[in-house]
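Good morning, and thank you for coming. I would like to take you through one structure, and I ask you to keep it in view while I speak.

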Amino acid sequence: MSYDGPIRVGEARPSQLLWSQGVGAIVDLPNISVIVAGLEDWNLEHAPPIPEARLLAGVRRMLGPQVARLVAPPIPPDGNRLDPFSEEARIGVPVSVFPRYLRCPFCQLLAPIESGLFQLKRNPYRPETSRYVHEHCQKRKAPTAVPARFLVSCRNGHLDDFPWRYFVHRGPSDCKGSLRFFEQGASLETSDLWVRCTGTCNSKSRSMAEAFGEKGKEALPRCRGRHPHLRSHDPSCDQPLRAILLGASNSWFPVLMTLLSVPTEAGELEQVVGDNWHLLEGITSSDHVDVVVSALQKAGQLFKLKKYSTEEIWETIESFRALGEADEEEDSGEQVDFKGPEWDVFVADDPPSSPDFLLRPVDVPERFVGQIESVRLAERIREVNALVGFVRVEPPDQVTVGESAVKRAPLSKTPPTWVPAVEVRGEGIFLRFDPEKLAQWESSEPVQARAELLRRGHVAWRAARKLDPGAFPGVRHVMLHSLAHLLIREFSLECGYGTASIRERIYASEPGDERNMAGIFLYTAAPDSEGTLGGLVALGEPESLEPLLDGALRRAAACASDPLCSEHEPGIDRSLHGAACHACLFVPETSCENGNRYLDRALVVPTFVGAGPALFELAVA
């Protein structure tokens with residue numbers, strides 16, 4: 001990373017710039033904290049485009065037709081001896097110092113950087129040691145200043161420095177006295193943290209406990225609508241401010257679009273043109289095809305077009321352009337179906353393959369032939385993720401992340417023409433369930449009663465947050481989702497990957513869907529060009545999968561929190577899960593599509609409350 005100048009201040013992996021440290025997120029470095037700047041400030045000279053036509057179409061539906069491409073974060077060249085004063089050292093993601101308020105840990109001085117009381121000490125050879133110092137501290141020589149640990153934010157995605165002067169003076173004040181932040185007590189709770197003005201305003205010290213809860217609503221001013229990553233503000237914001245801690249998880253939640261790169265029904269030529277549309281869209285006549293394609297091939301790109309004639313390439317370009325123009329005329333808020341094409345490839349009799357996708361069918365474990373229809377091992381997959389926005393204070397409330405109803409903070413001042421994306425490669429296991437037997441199970445009285453119990457929790461949860469009732473995802477989705485979590489936890493014990501490294505994709509159709517999807521795909525992926533090492537795929541072989549499935553079901557039958565977990569009533573405490581908790585079903589949120597929501601192991605195996613709604617029976621030991 002680089003910040004307000006040409007000096008590097010730290011490093012981050014490309015995937016971190018989507019999942020935890022993307023645009024608008026605060027990155028806590030060893031001595032300073034910075035915020036990742038908006039897209040206008042990024043230099044894309046060393047940022048390679050990521051071809052994926054289906055994902056780009058989905059992003060354009062959400063953010064507008066002006067989005068032309070998906071782009072990987074800029075990466076400097078490899079090498080341990082990078083000259084810190086060279087142009088290569090300036091390659092990175094731009095950031096700026098935030099919060100702007102710093103504190104001296106010895107004299108307790110609290111002031112903004114703009115006051116001139118703190119000086120930046122840069123170290124180009126060890127960028128992580130760059131720091132601000134208080135040179136005129138009366139208690140120690142030039143101690144390192146630390147970022148103020150409190151910020152304010154609102155549900156509209158605005159973020160601001162804590163209003164220290166307003167807070168300590170209990171309203172607007174012209175006092176120019178210096179501020180001191182100090183501790184009283186050893187607990188470091190907010191009640192033991194105080195801020196004081198040393199001016200002549202006769203202002204008393206004020207406890208930071210008054211900045212939170214109901215007291216905070218009265219103690220804090222109205223939101224200024226600031227977006228520090230864009231250096232902009234919106235004075236019309238009407239949301240109340242909330243005090244948050246520096247480094248708190250609720251300061252930034254990414255809104256991502258994710259898909260698996262699978263061969264589509266379109267031919268190879270159509271797919272190559274779609275994936276590389278950012279390179280070909282400038283061709284306006286058949287006379288330009290040979291010139292442009294030849295130039296691109298000399299640059300090491302688009303060698304797959306060599307076997308096609310100029311006329312075939314031009315016709316495909318024209319068809320793709322016409323398709324794009326038709327999409328622009330449609331409602332941009334409509335969500336693109338990502339999982340449908342993936343399902344079609346997973347269940348095809350003769351699944352197509354590509355350099356990024358390879359399926360191999362295996363036998364269903366003998367004991368589960370009645371419930372599982374087929375098992376396929378994905379020996380090679382490619383996953384692409386795109387950042388389309390972010391939210392603060394509260395995570396996205398949608399069942400499916402990516403719906404247009406998500407209120408997102410912007411990535412740029414103007415509608416973006418590109419969005420950050422990353423691609424990873426790996427392997428996975430796909431399980432398809434018998435849709436007819438699932439339909440019989442869904443229609444049974446115990447399952448219907450359990451579904452109504454979960455539906456009441458869904459309605460109550462959304463009502464408590466003043467959201468539209470929304471659509472309950474269905475009991476099929478809850479069962480498949482719960483089984484996926486059980487298998488993630490079981491696989492992690494055997495394959496060497498932690499639970500956070502194994503992800504899920506749930507394929508569950510609503511009634512009336514002609515695809516009648518009922519399956520789960522568990523996979524792991526890594527940014528390495530070769531993907532992962534086969535440790536997960538090996539568990540999909542029948543001789544390995546049967547004991548793993550059996551073990552997962554046995555573990556789910558009893559939870560360390562039973563009977564409280566099994567007897568949980570989602571409608572009473574307005575939650576989105578039934579018999580589920582951290583001891584039995586919850587997994588890291590990077591592994592789960594829905595943030596550990598819509599889970600219930602009672603739909604999978606018998607629990608202490610009975611065996612009525614369970615799909616599986618436990619084998620006799």
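Let me begin with a definition: a charge is said to sit over a ring if NZ of Lys or CZ of Arg is within 6 Å of the ring centre and within 35 degrees of the ring normal. Please note also that this is a predicted model. With that in mind, the charged end of Arg206 sits over the ring of Phe167, 4.5 Å from its centre. Likewise, Lys339 has its charged end over the ring of Tyr507, at 5.8 Å from the centre.

Tyr507 also belongs to a cluster linked by ring pairs, together with Trp343, Phe346, Phe357, Phe430, Phe521 and Tyr523. In the whole structure, a search finds 19 aromatic pairs.

I turn now to the sheet. Six strands form an open sheet with antiparallel pairing, in the order β10-β6-β7-β13-β14-β15. Strands β10 and β15 stand at the edges with a single partner strand each, so one side of each has no neighbour in the sheet. Within the sheet, β13 and β14 run antiparallel and are joined by five bridges; Glu183 stands opposite Leu193 in β14.

Finally, the cores. The largest nonpolar core has 59 residues, and Val375 and Phe433 are among those with the most contacts inside it. Elements giving two or more residues to this core include β21, β22 and α13, while the largest share, ten residues, comes from α12. A second, separate core has 55 residues, including Ile32 and Leu63.

Which residues does Val375 contact beyond its neighbours within four places in sequence? Among them are Arg360, Pro361, Ile429, Phe430 and Leu545.

Key: Residues numbered from 1 in each chain as written. Predicted model: local features only at pLDDT ≥ 70, side-chain atom pairs only at ≥ 80, totals over all residues. Heavy atoms only, no water. Pairing = 2+ DSSP bridges. Helix = DSSP H or I, 4+ residues; strand = E, 2+ residues; numbered from the N terminus. Core = buried A, V, L, I, M, F, W, Y, C linked by side-chain atoms within 4.5 Å. Buried < 20%, exposed > 50% of the residue type's maximum accessible area, 1.4 Å probe, protein only. Contact = heavy atoms within 4.5 Å. Phe/Tyr/Trp six-rings, centres within 6.5 Å; stacked < 30°, edge-to-face > 60°.
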